[in-house]
Amino acid sequence: MSGMGDGYVGTAQDAVRIRRLEKQREAERRKIQELKAKTASDKGQPGLLQFGSSTSEILETAFKKETVGLVTREEYVEKRVNIRNKFEEEEKEKLQKLQREEEELQLQKRRKRKIRGNSRLSFSDDFENGSDEDDENLEPRKLGRDKLGKDPTVETSFLPDSEREAEEQAERERLKKQWLREQEQIRSEPLQITYSYWDGTGHRRVIQARKGDRIGEFLRAVQQQLAPEFREIRTTSVENLLYVKEDLIIPHQHSFYELIVNKARGKSGPLFHFDVHEDVRTTADATIEKDESHAGKVVERHWYEKNKHIFPASRWEIYDPTKKWERYTIHGD
């Protein structure tokens, strides 16, 4: 057996492994011999580029081949310049070729990524079939990719849309601010109120207030108006004054604006009219509610506690916004 001494002793597996290694070494020796033979043959062929040669060596070798024999100085310079130019042109062509190959490779990668990204679309087969579009055609597709696949005739308002929701939120905020400004203007509007100071008999007065004023603020203004004339008003506090409108005692924290906006109803008439007027009709019609407004009453709390069992105080009760009065009554409950 080749490569094995006569005294070798080993297993069959060792013999197989040794033969495999010998075959590998023999194949490597053949490759080295072929490479040497090819290098030797390339040295005698025309051309500027040779394996293992530097730029200066290539130029010198080519120049020596072109300047065999005697030449003039001008021919010497001209040939050397021509050889250098030729070498530079070949290098430039080689570089351009490499750049074109690199660009083509990048273009193929972009197409593959685009195919993977649009594989769910029905027209993605156009890319798989080898479309040779250039970069100028690819850019518009890239810019419009987000809109592909949408049908403008389909109703999509029920779907989530962050841009639409942001616009709607901004519009709601704008309308809210506008409404608040309008309501603030309404609250600041003047309001003329006709009332009667009630101590068993009525003393009718008129006072100016604002629609946004609360009942407590209104009663403070009433106290200042009545104090010079009624000694008991001068000595009492605002908390001991009551405002009674349409047989309902309106708590101090409510405002005229609330009564007007909610079109609140009392037992004997509307709570959102603060003047005095009667319903004048030429013919009676029971199907149409009477449009009458009565002057509100300002009374002291101790007078009400002493006379609440006597008419008209017997009809009075605390105003409750949740309680609805379907019809107006003048007498009784």
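In this predicted model, the side chains of Lys211 and Glu189 form a salt bridge, with 2.9 Å from N to O. Lys211 belongs to the loop between β2 and α7, and Glu189 to the loop between α6 and β1, so the pair ties together parts that are 22 residues apart in sequence. Lys211 is buried, at a relative accessible area of 19%, because the limit for a buried residue is under 20%. Glu189, with 32%, is partly exposed.

The count of salt bridges comes to 11. Three of them are set out below.

| Salt bridge | N to O distance |
|---|---|
| Lys211 and Glu189 | 2.9 Å |
| Glu317 and Lys323 | 3.2 Å |
| Arg164 and Glu168 | 3.8 Å |

Arg164 and Glu168 stand four residues apart in helix α6 (residues 162–187), which means that about one helical turn separates them. Arg164 has a relative accessible area of 23% and is partly exposed; Glu168, at 38%, is also partly exposed. Glu317 and Lys323 are part of a salt-bridge network that includes Lys267. Glu317 is partly exposed at 26% relative accessible area, and Lys323 is partly exposed at 41%.

The report now turns to the nonpolar residues. In soluble globular proteins, nonpolar side chains tend to be buried together. Here the largest nonpolar core has 26 residues, and those with the most contacts inside it are Ile193, Phe218, Leu219, Tyr243 and Phe256. Elements giving two or more residues to this core include β1 (190–198), β2 (202–210) and α7 (215–226). Helix α7 contributes the most, with five residues. Beyond its neighbours within four places in sequence, Ile193 is in contact with residues including Val206, Phe218, Tyr243 and Phe274. A second, separate core has nine residues, among them Leu242 and Trp303.

Methods:
Residues numbered from 1 in each chain as written. Predicted model: local features only at pLDDT ≥ 70, side-chain atom pairs only at ≥ 80, totals over all residues. Heavy atoms only, no water. Core = buried A, V, L, I, M, F, W, Y, C linked by side-chain atoms within 4.5 Å. Buried < 20%, exposed > 50% of the residue type's maximum accessible area, 1.4 Å probe, protein only. Contact = heavy atoms within 4.5 Å. Salt bridge = Lys/Arg side-chain N within 4 Å of Asp/Glu carboxyl O.
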